[in-house]
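Please read this walk through the structure with the sequence and the 3D view side by side.

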Amino acid sequence: MSLGTASENPEHHANERTLPPRPASVCQFCWEGPFAAYLGVITHITSRPHEQSPGALSSLKMVLPYKYTILGDTLGYQASLGCQWCQFILTMCGGGPARDLYRITLGGGSVQPRTVTNLRISPDKTQESWIIVNEEARFTGYVYAVADDPAAAHIIARNPILQVRSPRAFALARQCIEECAREHPRCRAILAPFDEDPFLPTRLVHCGDPDHPRLVPTDGARGKYLALSYVWGGAQPHSTTLLNISRYERGIPAACLLATIRDAIYVTHALGIDYLWADALCIIQDSDEDKRRELGRMHNIYRDAYLTIIAANARRATEGFLHDRPAVSRTKSGAFPFEISLPFICPPRPQPAPVDHAGHSPTLQQVGTVHLVPTYDHIQNRAVEQYSHSSEPISRRGWCMQEYMMSPRSLIFTSETLQYRCQTATQNVGKSFYDPSGERRLHDALFLRDPQLPKPGSYEWHEVHVAWLRLVEDYTRRSVTVPSDKLVACGAIAEAFQRVLRSDYVAGLWRETLPCDLLWLKASEAGPGLTRPAQYRAPSWSWAAVDGGIAMPRNEPDPPPDYYPAVVVIRCEAILEDARVPFGQVTGGSLAIRGVLLPCMLNASPRGGRGNREISLSSLRHPSRWTEPDHRNGGGESQEADATPVGWACIDADLDLEVRTAWAIPLERGSWAVQGLVIAPTTDLGESDSERRTFRRLGFFHIKGRDDGGLRQALQNKELPMVEVMLV
């Protein structure tokens, strides 16, 4: 019976070489076909010496994709007999009745990131496997092999390290650190200006004997130390206080320390470093003066650390982070796509001797095992979810963001394995597969003590500002235990940005880019609204005044060429709780701007989504008509009769969803849109108050040019009267 036909590519003809014995899990047809063709994942092989001139070196020869056909009845029959590959093909095709004929193409290459990024897949050139059946893509994924398997000589990626506490894990981690120092020009450039070790923090934990740690004052000395980033998740009863600091300098009972601190001490010692910085022990927790001083140095502490230990998987300090990781499969058992393990015929390796009568060297062919892991689900037409740092407990904590971003080198204990992260790359220690899509890095200038500062308004300056906007998006999705810490917990990274941007920092925004920075809105259309804390924390126009994730519409790396401010900033100030902490908590703030103020109506939006509203503007013929908007239903009839829908608005907080009449103040105009704030007066607007009106922010609006009723043109031609508005 004819089973099918194999590839016409001569490199794939099994009869040109002797195949190793066939395992019972694969049928003879598949063994001599796709398996003899290395499942399509080997795109180059070393040519045999006898194919070249005498004395020539071996060279790489490209292998074309492997194509073959198989009868549908045969495929089903061999699958029923237990052939793994035939079962795999049928499953990929969604099951159901077999087709008359299956035309199958196998190919490979290198895996590429899912999104645009300047970071590479790790390890570099990880092999990809793709399978096309009857002209339809059916499988896309990467391939890995276990380190001690024969296939590892030909397959680049490895299985994840699960024993993160093992000597092997620490040895491989040290290799990553050494490779970074030796082979990463970007990382070397950050560290090169330091002719000597950095100054040490005020106090550190000595880890020379992990069972008997002690607190040591550094007295302005220089040296190497590690820093710890972790989630407290509750009180730490044995943290350093004024009462116990002298005792801790003599020795800290290791049994009293929470598991995460003990694990960090163990890691520091295992990596051959003597000192560890951990906030619970190195900051006097009941001294406001010590807290203020040490928090003011936070960006230096993490920037200058030789390495930061990130306990990413621990939800609280009592859990620790050195336990063995479970083997993870991100696909449901019995469903497709799924990870599959297959026998793998290793490409032949020429042996130098002996030579047979025909002058050919014998070849050594071994059978190993490879693992195919899907990265795309062609049945559901979507990417298969891969590991992301954003899923870890530490990524939900506000304080931890600046520790993560300000560390030029980190050893990350994830929920799945061990990672090394630097400015150049993120890689799984031990070379298991990792896709860095979605990862971001701070501009290198933020790590330099004396950076070459970009000129305000330049592309480089804009890059740094956009990086700040993206950080704010990340930060607002996190939580802080103490609500008043909202600005404090990102103060260190704000200070680092201020050194490069050279702009005044006002309650989370930059004076230089205020019209842009004010244009934030609720991140999720479908989710609940933002909430405003009961206790004052920031002026209403600052993102720090709300809890919940926000989005920054102007966070693109390339600045829009045709957006222009529609307001003039007259004054912007924030009242600091402590003038000695310029990036800390504020107790008040105000923003005086001069712009066009337009009455508007807010109605249910056809866009749907909680908080979305259709915005209608009153006639532009009467933009300065100062009637008092009714904040609830039942008022504003004269405005409603004269209002035309022009765009959409997103109201920040649920408590303002019932507002029907308000005011719109455009902040930016472009070729295709006008964007600004929806605001409401804090007091009644009487005739005597025409010189200055005080408002609070309600939300954000966006009006497309073709629907704006002439607003964009009127703003461009300066046809509309401008008034001074005070936002609080």
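Strand β27 and strand β34, which covers residues 723-727, are paired in the antiparallel sense, with five bridges between them. Within this pairing, I593 has V725 of β34 as its bridge partner. The model shown here is a predicted one.

β27 also pairs with strand β26 (residues 568-576), again in the antiparallel sense, and here there are eight bridges. Is β27 mostly covered or mostly open? The strand runs over residues 586-595, and eight of its 10 residues are buried, so it is mostly covered.

The next stop is another group of strands. Strands of a sheet pair through backbone hydrogen bonds, and the pairing can be parallel or antiparallel. Eight strands form an open sheet with mixed pairing, and their order is β9-β8-β11-β10-β12-β18-β19-β20. At its edges lie β9 (214-217) and β20 (426-428), each of which pairs on one side only. On average, neighbouring strands of this sheet are turned by 30° against each other, if direction is ignored.

Inside that order, β10 and β12 give an example of parallel pairing. Strand β10 holds residues 226-229 and strand β12 holds residues 307-310, and four bridges link the two. A227 can be found opposite T308 in β12.

Now to the helices. Helix α7 is made of 12 residues, 259-270. From its first C-alpha to its last it reaches 16 Å, close to the 16 Å expected at 1.5 Å a residue. Which residues of α7 are buried? They are A259, T260, I261, D263, A264, I265, V267 and T268. An α-helix has 3.6 residues a turn, so residues three or four places apart point the same way. Just after α7 comes G272, which takes a positive phi of about 80°.

Two further helices can be looked at together. Two packed helices are described by the angle between their axes and by the distance between the axes. For helix α12 (residues 459-476) and helix α13 (residues 491-501), the axes come within 10 Å and cross at roughly 165°. Angles over 145 degrees count as roughly antiparallel, and α12 and α13 are therefore roughly antiparallel to each other. Their crossing is left-handed. Which residues meet where these helices are in contact? From α12 come W461, V464, H465, A467, W468 and L471, and from α13 come I493, A494, F497, V500 and L501.

The last part concerns the backbone in the loops. Most residues other than glycine have a negative phi, and most peptide bonds are trans. Y38 is not a glycine, yet it has a positive phi of about 60°. Its place is the loop between α1 (28-32) and β2 (44-46). With a relative accessible area of 2%, Y38 is buried, because buried means under 20%.

N134 is another residue that is not a glycine but has a positive phi, here of about 50°. The loop between β6 and β7 (136-144) holds N134. N134 is buried too, and its relative accessible area is 12%.

Where is the cis peptide bond that involves P123? It runs from S122 to P123, with omega near -10°. P123 belongs to the loop between β5 (101-110) and β6 (127-133).

Notes:
Residues numbered from 1 in each chain as written. Predicted model: local features only at pLDDT ≥ 70, side-chain atom pairs only at ≥ 80, totals over all residues. Heavy atoms only, no water. Expected span 1.5 Å × (residues − 1). Buried < 20%, exposed > 50% of the residue type's maximum accessible area, 1.4 Å probe, protein only. Pairing = 2+ DSSP bridges. Axes fitted to C-alpha atoms, helices over the stretch in contact; angles between N-to-C directions. Parallel < 35°, antiparallel > 145°, perpendicular 65-115°, else oblique. Left-handed = near helix turned anticlockwise from the far one by under 90°. Contact = heavy atoms within 4.5 Å.
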